[in-house]
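Hi,

Here is the structure we talked about handing over. Please look through it, then read my notes below.

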Amino acid sequence: MHKPAGLSLLLRDSRSSASFQSHGSRLRSSQSSTLQTQLSVFQSLLLQFSKTHAKDIRSHPEFRTEFARMCQALGVDPLASTGSKKGSSLWAEMLGEEVGGWYFGVAVRVVEVCRATRGENGGLISVAEVTARLNSAKGQGEMVTEDDVLRAVGSLKPLGEGFRTLELGRLMMIRSVPKELGGDQRVVMEAIQVLGFVTHSMLLDNLRWDEARVKTVIDDLLSDSLVWVDEQAQETEYWTPAFISKT
Amino acid sequence: MADFQYPALYSFPPFFTRQPNATTWSTQQSAWSALILAYCERHRLFKFSVGHELFTNTELSRRLPTPAAIEVMEAMVKQGKAEWIGPEKQEILVYWKTPRDWANAVYDWIDTTGQKGGVLTLYEIAWGQLTASTEFHGLDETVLRRALDVLVERGVAKIFGSGDELGVKFF
């Protein structure tokens, strides 16, 4: 048997794939409308739930984390409603004041901690440290979790790039100045996170960078106040208060 | 007195090296100043010298070098939180409460105990039985003198006598 000629093969292929496509999209649309229905049922149940448990959501950190996770899974952002104006969903009215407002309060306190420690850490602090500081401040409301802090920082997004979270090594960090960490800076900060501090020779040996590159990145970190010098060690050491954690 | 709460920075080795970055140094300097004030208040110290053990962390084998320590103390003096004792600049009077605060405390006590118009010696104010329960009992003599100067300036006290026999009259 001859193979079909090139052109007709193309034609037949495109015809059958078109019919597959239309069948697929029919399936998808029927499935998605079913899902849509289910989702809105979930959402209304969630709303019901949040009405009943607004108090628990605010006062129990674990309960709150689970609730937030549920919201996220269902595509509902309890925080998005905070700043929105009239006419927005029921969520805005319900959660805007209840849960969203609570997160906003946390955000304000996170901003305060970041400001207060900026001179010390150059505007880079671990979420764990912020959480510890918030919980050690007396008489300042309920206990918060790292999850709350992350969400709270997320709620600041509409205010611009001033506050961001970023992953550094195995830690979540909050960056409270609008300045990116360079690639080399990141590498060194991660090394400090793991080792506690770094020295010129540690960087030379482990990263196989040349002297000039090491000097440049260290000088940059110093001038951004991200690292501190310890000159009383055998070889000058560079530390960062971003990972100081009170235990 | 072992329960003094050192700040986290105190276990951070670079805290004992003067930071070359101006911004970081200014933060470091305020942290030192806050630490000295809190430490002195906790231990009721009125004088603090450049050789004080607080500048040394034996656990870390680190010591804030003397020039940096003097810079910290100089900054405290500039901010009215301390005063140099003598021109050698080796020791400060530490104002965890300012002379004005002490002046108010003394004058409140004079007022509430109805001693206006009376005369007291400096020794009676700092060490007398009558003041045993007040917060200024045991106050350093020079600091007390600064406090009384504040009251003199306000026109509510007058100092007379000389040497060890200084007396104050309150109005």
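Predicted model: local features only at pLDDT ≥ 70, side-chain atom pairs only at ≥ 80, totals over all residues.

Leaving aside neighbours within four places in sequence, B:S33 is in contact with B:V72, B:M76, B:Q79 and B:K81. B:S33 is found in helix α1 of chain B. Buried or exposed, B:S33? Its relative accessible area is 5%. Buried means under 20%, so B:S33 is buried.

Now the interface. In chain B, 19 residues are in contact with 17 residues of chain A. The two chains, B and A, bury about 1500 Å² between them. Of that area, 63% is on carbon and sulfur atoms. On the chain B side, B:F12, B:T17 and B:R62 lose the most area to chain A. Together they make up 32% of what that side buries.

B:R62 comes up again in the polar terms. The count between chain B and chain A is one salt bridge. A:D230 forms a salt bridge with B:R62. The closest N and O atoms of that pair are 2.9 Å apart.

Which elements of chain B give two or more residues to the side that touches chain A? They are α1 (22-42) and β3 (62-63). The largest share, four residues, comes from α1(B). By residue type, the side of chain B that touches chain A divides into nine nonpolar, eight polar and two charged.

Best wishes

Conventions
Residues numbered from 1 in each chain as written. Chains lettered and ligands numbered in written order. Heavy atoms only, no water. Contact = heavy atoms within 4.5 Å. Buried area = accessible area lost by both parts, 1.4 Å probe. Salt bridge = Lys/Arg side-chain N within 4 Å of Asp/Glu carboxyl O. Nonpolar A, V, L, I, M, F, W, Y, C, P; charged D, E, K, R; others polar. Buried < 20%, exposed > 50% of the residue type's maximum accessible area, 1.4 Å probe, protein only.
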